[in-house]
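Here is a short report for a reader meeting this structure for the first time. Please look at the sequence and the model before reading on.

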Amino acid sequence: MLGIHELWLFIFSGLVLNITPGPDTAYIIGRSIQLGWRGGAAAAIGISCGCLVHVLGAAIGLSALLMASSAAFLVVKLVGAAYLVLTGLQMLLSRAKPIAEIATPGGETSISRVFWQGALTNILNPKVALFFLAFLPQFVATDSQHKPLAFLVLGLIFIVNGTLWCLGVAAFASRAAGRIRQSAGVITWINRSLGGLFIYLGFRVAMLEAR
């Protein structure tokens, strides 16, 4: 259907990629410990939405444009790197808030920020775009008349499976860390760790070379 072949292998490969620990997993775990289930879920959904943008981009040829145009690649790369580094610095310099403040209505802003950080981190990372461009075509026949739709279907399958896994990670981390996140010192350490992670990702994105 749609020129998709070896769907079972795609699903299996996607699951392996999703469960392999990486920066996204670290971010979800950190936010789950810091803000509980809602924070971890917001991070997971944000990351998935960011991936969805790249899937849509792959379907309409945006990712191909990034690979073909070094100028476009450079712009996206530098914007993404700047965002990551800025976010990381803000987290490094932030002060831990009492858990009571997180539970207040104002805490909604924090959850929203977690979502957008997860989404923008993926949206502004050209490496994610290139990943989907390299991975999805492996399971679509070259003579398919519906390549964009096939890319979209495969991307949605990948994202749904990844979201379910990430929500499970968030639930586990939030339950296991219910007592830990009561400590302001631990929350400060988490902020520092997440901030360092963002800065690392920012410099890593900036060092990517268009090929």
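## Overall fold

The model is predicted. The protein chain has 10 helices and 0 strands. Read along the sequence, its pattern is α-α-α-α-α-α-α-α-α-α. The protein chain counts 211 residues, and 42% of them are buried.

How much of the contact in the protein chain joins residues 24 or more positions apart? Among contacts with a separation of 6 or more, such residues account for 87%.

Two packed helices are described by the angle between their axes and the distance between the axes. The table gives both values for two pairs.

| Helix pair | Angle between axes | Distance between axes |
|---|---|---|
| α1 (residues 7–19) and α9 (residues 147–176) | about 40° | 9 Å |
| α2 (residues 23–35) and α3 (residues 37–60) | about 155° | 6 Å |

Take α1 and α9 to begin with. Their axes meet at about 40°. That angle makes α1 oblique to α9. The crossing of α1 past α9 is right-handed. On the α1 side, the contact is made by Leu7, Phe10, Ile11, Gly14, Leu15, Leu17, Asn18 and Ile19. On the α9 side, Leu154, Ile157, Phe158, Asn161, Gly162 and Trp165 take part. What kinds of residue make up the contact of α1 with α9? There are 10 nonpolar residues, 4 polar and no charged.

Now turn to α2 and α3. The angle here is about 155°. Angles over 145 degrees count as roughly antiparallel, so α2 is roughly antiparallel to α3. The two helices also make a right-handed crossing. From α2, the contact draws on Asp24, Tyr27, Ile28, Arg31, Ser32 and Leu35. From α3, it draws on Trp37, Gly39, Gly40, Ala43, Ala44 and Ile47. The contact of α2 with α3 divides into 7 nonpolar, 3 polar and 2 charged residues.

## Aromatic pairs

How many aromatic pairs does the structure hold? It holds 2.

One is formed by Phe115 and Trp116. Their ring centres are 5.1 Å apart, with 80° between the planes. This pair is edge-to-face. Trp116 is partly exposed, at a relative accessible area of 46%.

Phe132 and Phe158 also pair. Their ring centres lie 5.5 Å apart and their planes stand at 90°, so the pair is edge-to-face. Which parts of the chain does the pair of Phe132 and Phe158 link? Phe132 sits in helix α8 (residues 126–135) and Phe158 in helix α9, 26 residues apart. Both residues are buried. Phe158 also belongs to the contact of α1 with α9.

Ala173 is found in helix α9. Its relative accessible area is 9%, so Ala173 is buried. Which residues does Ala173 touch, not counting those up to four places away in sequence? They are Ile29, Ser32 and Ile33. Ala173 and Gly30 are 143 residues apart in sequence, yet 8.3 Å apart in space, C-alpha to C-alpha.

Ile33 lies in helix α2. Is Ile33 buried or exposed? At 18% relative accessibility, Ile33 counts as buried, because the limit for buried is under 20%. Ile33 and Arg175 are 142 residues apart in sequence. In space they are 8.5 Å apart, C-alpha to C-alpha. Ser32, touched by Ala173, also takes part in the contact of α2 with α3.

Gly88 lies in helix α5 (residues 70–93). Its relative accessible area is 0%, so Gly88 is buried. How far apart in space are Gly88 and Gly195? The distance is 3.8 Å, C-alpha to C-alpha, although 107 residues separate them in sequence.

Glu6 is placed in the segment before α1. Glu6 has a positive phi of about 50° although it is not a glycine. With a relative accessible area of 42%, Glu6 is partly exposed.

Terms used: Residues numbered from 1 in each chain as written. Predicted model: local features only at pLDDT ≥ 70, side-chain atom pairs only at ≥ 80, totals over all residues. Heavy atoms only, no water. Axes fitted to C-alpha atoms, helices over the stretch in contact; angles between N-to-C directions. Helix = DSSP H or I, 4+ residues; strand = E, 2+ residues; numbered from the N terminus. Parallel < 35°, antiparallel > 145°, perpendicular 65-115°, else oblique. Left-handed = near helix turned anticlockwise from the far one by under 90°. Contact = heavy atoms within 4.5 Å. Nonpolar A, V, L, I, M, F, W, Y, C, P; charged D, E, K, R; others polar. Phe/Tyr/Trp six-rings, centres within 6.5 Å; stacked < 30°, edge-to-face > 60°. Buried < 20%, exposed > 50% of the residue type's maximum accessible area, 1.4 Å probe, protein only.
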